[in-house]
Amino acid sequence: MARRELRQIDVAEVLGVAQKNVSRRLRGDIPFRIDELLTLARFMGITLAQLLGEEIVNEKNPHPMGEGSSFSVAGEGFEPSTSGL
């Protein structure tokens with residue numbers, strides 16, 4: 001965000017959520033959804049791997065990072081959508 005001079009309010013507008021929810025995601029209180037991450041990557045003109053880091057994208061079985069971590073993709077209880085199956 002800093003490299004692109006984006007503020008939380010800018011990200012909130014792109015994602016269609018309140019700024020406080022962006023703040024909670026960035027703190028790791030709630031996870032980003034995959035569609036939000038893809039939207040952010042597209043908006044920034046970068047790949048998902050560049051946004052998250054190659055090691056996370058290429059990990060076969062990603063897990064939420066430990067206590068005190070500043071980043072998580074999916075917290076406990078994350079269930080992929082099964083609608084349309």
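Helices here are DSSP runs of H or I with at least four residues, numbered from the N terminus. The model is predicted, so to speak of local features requires a pLDDT of at least 70, side-chain atom pairs count only at pLDDT 80 or more, and totals for chains, interfaces and linings use all residues. Residues are numbered from 1 along each chain as its sequence is written, and side-chain values use heavy atoms, with hydrogens and water left out.

Within α2, the residues Val22, Ser23 and Arg25 are buried, that is, under 20% relative accessible area with a 1.4 Å probe, protein chains only. Viewed down the axis of α2, the buried residues lie within an arc of 160°, so they line one face of the helix; the arc is that of the directions from the helix axis to the C-beta atoms. Their cover includes α1 and α3.

Arg25 itself has a relative accessible area of 9%. Beyond residues up to four places away in sequence, Arg25 touches Ile30, Pro31, Phe32, Arg33 and Glu36, where contact means heavy atoms within 4.5 Å. With Glu36, the Arg25 side chain makes a side-chain polar contact at 2.9 Å.

Val22 and Phe32 also belong to the largest nonpolar core, which has eight residues. Such a core is a set of buried Ala, Val, Leu, Ile, Met, Phe, Trp, Tyr and Cys residues joined through side-chain atoms within 4.5 Å. Helices α1 (8–15) and α3 (34–44) each supply at least two of its residues, and α1 gives the largest share, three residues.

Notes:
Buried means under 20% relative accessible area, exposed over 50%, partly exposed in between (1.4 Å probe, protein chains only). A polar contact is a pair of N or O atoms within 3.5 Å; within protein, one must be able to donate a hydrogen and the other to accept it, and residues adjacent in sequence count only if both atoms are side-chain atoms.
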